[in-house]
Amino acid sequence: MIGLTTAGESHGKGLFALLEGIPAGLELDLEAIDALLAARQKGYGRGARQNIESDRAEILSGVRNRVTTGAPIAVAVWNRDFENWKGAMAPEGCDPSARSLTAVRPGHADLAGLAKFGGTDARNVLERASARETAVRVAAGEICRQYLAALGVFVAGYVRGAGEIYDAREYSFEEIGAGRSPVLGMMDKALEGKACALIDGARAAGDTLGGVAELRVKGLKAGFGSPMTYREKLDARLAMALMSVQSVKGVEVGLGFGAASRRGSEVHDEITKTAEGFARKTNRAGGIEGGMSNGEELVLRAAVKPIPTLARGLGTVDVRTGEPARAAAERSDVCAIAAAEIVLEGALCAELAAAVSERLGGDCMAQVRERYEKLR
Ligand code: EPS
């Protein structure tokens, strides 16, 4: 069964993923992993840290000559910035007080983390809570995407908007694959221009912006996930995966919150008989009914809050002195929605691959493919 764990700190030596359960015989496109890592670093609204890093995935185990062996796959993404931080971060010995953070940032993990782990320096918890961790999730998620693609299951996504700019148009899976802009990940160039102008304004004001990403899955057959136990429900699992991405505050499947204010006749997808089997006239359910895939495209959206590190610093308290303070303003992105969308795809791929592997099992890809093809 496929399962993913990550480790690593934002300014530590690097980020690490342990990906278990990928069957033997999956030929990996390693260049695609690095291309995605590069794409995650770009996107309008990113901060100065991205000028330091140049992320690449180093596969340490589980792959020989670009083909998976069935063994656990270990992936490393090294932090270049560690050179500048080793005096405060080195596991072998350092001065932790050199980079303490006590003016805790509203919206970040700082204060809740101190309540949980103790002390007055939020450095340890923020280093792990940081969205830097997402680099290695993108790398491992891309391996999972390649596992899914080998079965004919494809994942795509785009940015619906940033701040109050929102693209309400619906796009087909094929349009998304071809039309996602590298600037902010949006589909509509005019709206993207407006969103970028909004980001410029937020930067000038020392403020930050969030956004909405939409994710789609095409080619997934019916019956993945299960209503038999609540933990197995596919929508519940995918929502957990998306909510686990830093700064995500809301997830929708299909109509999502929009379903609550409509009548049943405007929400449920009527069923028809076709030569191949059954079809639905619409896909308001977002491809999941009863916690199972129903054979339609999966449609999910995630709402990403504005980054909690503001250049102008929100009002807070210095936990060491107890005095009012301006929140610490480490270097920060102004808007990371373009990166978040890529990360969300990776998180989705990892969880979906896990759900698929739990149903199909299989030691080698030939066996997994055969089992998938046999499904209705
Ligand atoms: C982050 C703070 C910033 C971001 C970081 C996430 O890091 P730094 O303090 O080093 O400038 O750049 O994101 C990344 C490094 C990344 O690669 O996405 C945070 O506190 O969450």
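Predicted model: local features only at pLDDT ≥ 70, side-chain atom pairs only at ≥ 80, totals over all residues.

Reader: What arc do they cover around the axis of α4?

Author: The buried residues are Asp110, Gly113 and Leu114. They lie on the same side of α4, because the arc they cover around the axis is only 100 degrees.

Reader: Which exposed residues does the face of α4 turned away from its buried side carry?

Author: Exposed means over 50% relative accessible area. On the face of α4 turned away from the buried side, the exposed residues are Ala112, Ala115 and Lys116.

Reader: How many aromatic pairs are there?

Author: Rings of Phe, Tyr and Trp pair if their centres lie within 6.5 Å. By this rule the number of aromatic pairs is three.

Reader: What kind of aromatic pair do Phe16 and Trp78 form?

Author: The ring centres of Phe16 and Trp78 are 5.4 Å apart, with 75 degrees between the planes. Planes over 60 degrees apart count as edge-to-face. The pair of Phe16 and Trp78 is therefore edge-to-face.

Reader: How many residues apart in sequence are the parts that this pair ties together?

Author: Phe16 belongs to strand β2 (residues 14-20), and Trp78 belongs to strand β6 (residues 73-78). Phe16 is partly exposed, at 27% relative accessible area, and Trp78 is also partly exposed, at 42%. The pair ties together parts whose separation in sequence is 62 residues.

Reader: What kind of pair do the rings of Phe224 and Tyr372 form?

Author: The centres of these two rings, Phe224 and Tyr372, are 5.9 Å apart. Their planes stand at 35 degrees, so the pair is tilted.

Reader: Where in the chain do Phe224 and Tyr372 lie, and how many residues apart in sequence are the parts they tie together?

Author: Phe224 is in the loop between β8 (211-218) and α9 (234-243), while Tyr372 is in helix α11 (residues 365-374). Phe224 is buried, with a relative accessible area of 0%, and Tyr372 is buried at 3%. The parts tied together by this pair are separated in sequence by 148 residues.

Reader: Which residue lies over the face of Tyr372?

Author: A charge sits over a ring if it is within 6 Å of the ring centre and within 35 degrees of the ring normal. At 5.0 Å from the ring centre of Tyr372, the residue over its face is Lys221.

Reader: What is the distance from the charged end of Arg99 to the ring centre of Trp85?

Author: The charged end of Arg99 sits over the ring of Trp85. Its distance from the centre of that ring is 3.7 Å.

Reader: How much of the area that the ligand exposes when taken alone does the protein bury?

Author: There are 11 residues around the ligand, and His11, Arg40, Arg49, Arg132 and Arg331 come nearest. An oxygen atom of the ligand lies 2.6 Å from a side-chain N or O atom of Arg40, and for Ser130 a polar side-chain atom is 3.4 Å from a ligand oxygen. Taken alone, the ligand exposes 460 Å², and the share of that area buried by the protein is 92%.

Reader: Is Asn65 buried or exposed?

Author: Asn65 is in the loop between β4 (63-64) and β5 (67-68). Asn65 has a positive phi of about 50 degrees although it is not a glycine. With a relative accessibility of 73%, Asn65 counts as exposed.

Definitions and conventions
Residues numbered from 1 in each chain as written. Heavy atoms only, no water. Phe/Tyr/Trp six-rings, centres within 6.5 Å; stacked < 30°, edge-to-face > 60°. Helix = DSSP H or I, 4+ residues; strand = E, 2+ residues; numbered from the N terminus. Buried < 20%, exposed > 50% of the residue type's maximum accessible area, 1.4 Å probe, protein only. Near = heavy atom within 4 Å. Polar contact = N/O pair within 3.5 Å; in protein donor to acceptor, adjacent residues only side chain to side chain. Areas by Shrake-Rupley, 256 points an atom, 1.4 Å probe, with all protein chains shown as cover. Arc of directions from axis to C-beta.
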